Amino acid sequence: MKILCFGFKELEGVDANDNRLIRTRIKTVTRNFNRRLELVAEKAGIDKKMSMHIARHSFGNISGDKIPIQVLQKLNRHSSVTTTILYQSNFLQSDTDEALEKVINF
């Protein structure tokens, strides 16, 4: 059975049962994307480590309090709002930040 990937051209036509090839293809594409992202950062004068992983986490941090959960669900392509809520809970730090401020600033 071949994979039909909407939005993931790199996996189109790959045998869905070939886990090794799928993992290899994903690692290769991710590595190439990260290299290109670093080139863009360099040209933009950004002197920080750049990767797709960091970008996703940055987006999660920034978007949590600013974008409705249903919109985040669509942006992240999650199948359910519950998945989005669980994903975003990793980034919501305002409560812990406020609690820490109270302790540090007495």
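User: To start, what share of the residues of the protein chain count as buried?
Analyst: Keep in mind that this is a predicted model. Of the 106 residues in the protein chain, 18% count as buried.

User: OK. How many helices and strands does the protein chain have?
Analyst: There are 5 helices and 0 strands. Going along the sequence, the pattern reads α-α-α-α-α.

User: What about contacts, how much comes from residues 24 or more positions apart?
Analyst: Taking the contacts with a separation of 6 or more, residues 24 or more positions apart account for 16%.

User: Switching to charge. Which residues form the positive surface patch?
Analyst: That patch is made up of Arg 20, Arg 23, Lys 27, Arg 31 and Arg 35.

User: Where does Lys 27 lie, and is Lys 27 buried or exposed?
Analyst: Lys 27 sits in helix α1, which covers residues 19-43. Its relative accessibility is 59%, so Lys 27 counts as exposed, the cut-off for that being over 50%.

User: New topic: Gln 73. Where does Gln 73 lie, and is Gln 73 buried or exposed?
Analyst: Gln 73 belongs to helix α3, residues 69-76. Its relative accessible area is 16%, so Gln 73 is buried, since buried means under 20%.

User: Which residues is Gln 73 in contact with, leaving aside neighbours within four places in sequence?
Analyst: For Gln 73, those are His 78, Ser 79, Ser 80, Val 81 and Thr 84.

User: Let's follow up on Thr 84. Where is the place of Thr 84, and what is the relative accessible area of Thr 84?
Analyst: Thr 84 is part of helix α4, residues 81-89. The value for Thr 84 is 0%, so that residue is buried.

User: And which contacts does Thr 84 make beyond neighbours within four places in sequence?
Analyst: Thr 84 touches Ile 69, Leu 72, Gln 73, Asn 76 and His 78. His 78 is also on the contact list of Gln 73.

How values were computed
Residues are numbered from 1 along each chain as its sequence is written. This is a predicted model: local features need pLDDT of at least 70, side-chain atom pairs count only at pLDDT 80 or more; totals for chains, interfaces and linings use all residues. Side-chain values use heavy atoms; hydrogens and water are left out. Patches are made of residues with over 30% relative accessible area and no salt bridge: like charges are joined within 9 Å, nonpolar side chains (Val, Leu, Ile, Met, Phe, Trp, Tyr) within 5 Å. Accessible areas come from the Shrake-Rupley method with a 1.4 Å probe; for residues, only the protein chains shown count as cover. A salt bridge is a side-chain nitrogen of Lys or Arg within 4 Å of a carboxyl oxygen of Asp or Glu. Lys and Arg count as positive and Asp and Glu as negative; His and the chain ends are not counted. The place of a charge is taken as NZ of Lys, CZ of Arg, CG of Asp or CD of Glu. Helices (H or I, at least four residues) and strands (E, at least two) are DSSP runs, numbered from the N terminus. Buried means under 20% relative accessible area, exposed over 50%, partly exposed in between (1.4 Å probe, protein chains only). Contact means heavy atoms within 4.5 Å.
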